[in-house]
Amino acid sequence: MNSILTQMIRNYEVHNINERKNSIKEVMQEIVLCGLARAGFFEKAAFYGGTALRIFYGLDRFSEDLDFSLMTADPDFHLSGYFPVLEKEIASYGLNVTVSEKEKTVDSAVRSAFLKGNTKEHILLFYADPDLGGVAGNEVIKIKFEVDTMPPDGATYEHKFRLLPAPYGVTLYDLPSLFAGKLHAVICRSWKNRVKGRDLYDYLFYLSHHAKVNLLHLKARLTESGLCEKNEKITIEDVKGLLCRRFETIDYEQAKEDVRPFIKDPTSLNLWSAEFFEQLTEQLQPV
């Protein structure tokens, strides 16, 4: 195996096949970030979402996708221009994957792409004593990345660096802007028949790190979702009210089931209830 991959995978303590798959995906996510950085992607786009929170702020759960937002709206933006450099970067580590842009079937400002490779092949590449139980021969390891080409206003950014797989820099939302995006998800995301407990888990992570809220960016997101008018002022007390009303509607057993496969310590979910979240929400502070 490539010595850089050995160095990166050594950081993971894995106990089962699911954790091995997730560790491989996390390493591949960082290779994708490095490749996009070398391609000049972060001159136009910023990294945000759960994976950004994991890599740069230490969120202790696995996050599946890579989410990006253009810093200046551009409806004609295409991801495919970055693929040649990205594919070259990935191949340099001996990874056998394909990168393709998803064809749009509905009118959307979001551009999506997928990196795909054979799961068994990559477990064998990363681990000398592979556990292949329950892995089908045609199973695909997949990493999705998306870019919002018409992002809401008000986000603020920072630049951070990583040393592995090679030194690179990333533009990303700062912590208050990341938190604003997560608050919008908790308040507005349509969970349909499956409550996304990962949103709630991340919400608690922000609170535990005393993150403050970029209210300007949150208001832009809420306006986009139709929860407030463009000229309407929104306060932190308004946000607390929106959150507490949402907490009253959640099926917490479903929420726990959703997040359990992505975390190491499921006992941390035992206290989850409307009362628990509502009381902790009093801690919210704006920038």
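Author: In this predicted model, the axes of helix α7 (residues 197-208) and helix α11 (residues 274-281) come within 11 Å and cross at roughly 35°, and the crossing in which α7 passes α11 is left-handed. On the α7 side the residues that meet the partner helix are Leu 200, Tyr 203, Leu 204 and Leu 207, while α11 contributes Phe 276, Phe 277, Leu 280 and Thr 281. Sorted by class, the contact of α7 with α11 has seven nonpolar residues and one polar residue, with no charged residues.

The loop between α7 and α8 (215-224) is where His 210 is placed; this residue has a positive phi of about 55° although it is not a glycine. His 210 counts as exposed because its relative accessibility is 68%, and the cut-off for exposed is over 50%.

Turning to the cores, the largest nonpolar core has 46 residues, and those with the most contacts inside it include Phe 41, Phe 68, Ile 90 and Phe 145. Helix α2 (residues 17-38) gives the most to this core, with nine residues. If neighbours within four places in sequence are left aside, the contacts of Phe 68 include Leu 33, Leu 36, Phe 41, Phe 47, Phe 145 and Val 147, and also Glu 146 and Asp 148. Apart from this core lies another, of 44 residues, with Leu 178, Leu 183, Leu 269 and Trp 272 among them.

One further backbone detail concerns the peptide bond from Leu 164 to Pro 165, which is cis with omega near 10°; Pro 165 lies in the loop between β6 (157-162) and β7 (168-173).

Conventions:
Residues numbered from 1 in each chain as written. Predicted model: local features only at pLDDT ≥ 70, side-chain atom pairs only at ≥ 80, totals over all residues. Heavy atoms only, no water. Axes fitted to C-alpha atoms, helices over the stretch in contact; angles between N-to-C directions. Helix = DSSP H or I, 4+ residues; strand = E, 2+ residues; numbered from the N terminus. Left-handed = near helix turned anticlockwise from the far one by under 90°. Contact = heavy atoms within 4.5 Å. Nonpolar A, V, L, I, M, F, W, Y, C, P; charged D, E, K, R; others polar. Core = buried A, V, L, I, M, F, W, Y, C linked by side-chain atoms within 4.5 Å. Buried < 20%, exposed > 50% of the residue type's maximum accessible area, 1.4 Å probe, protein only.
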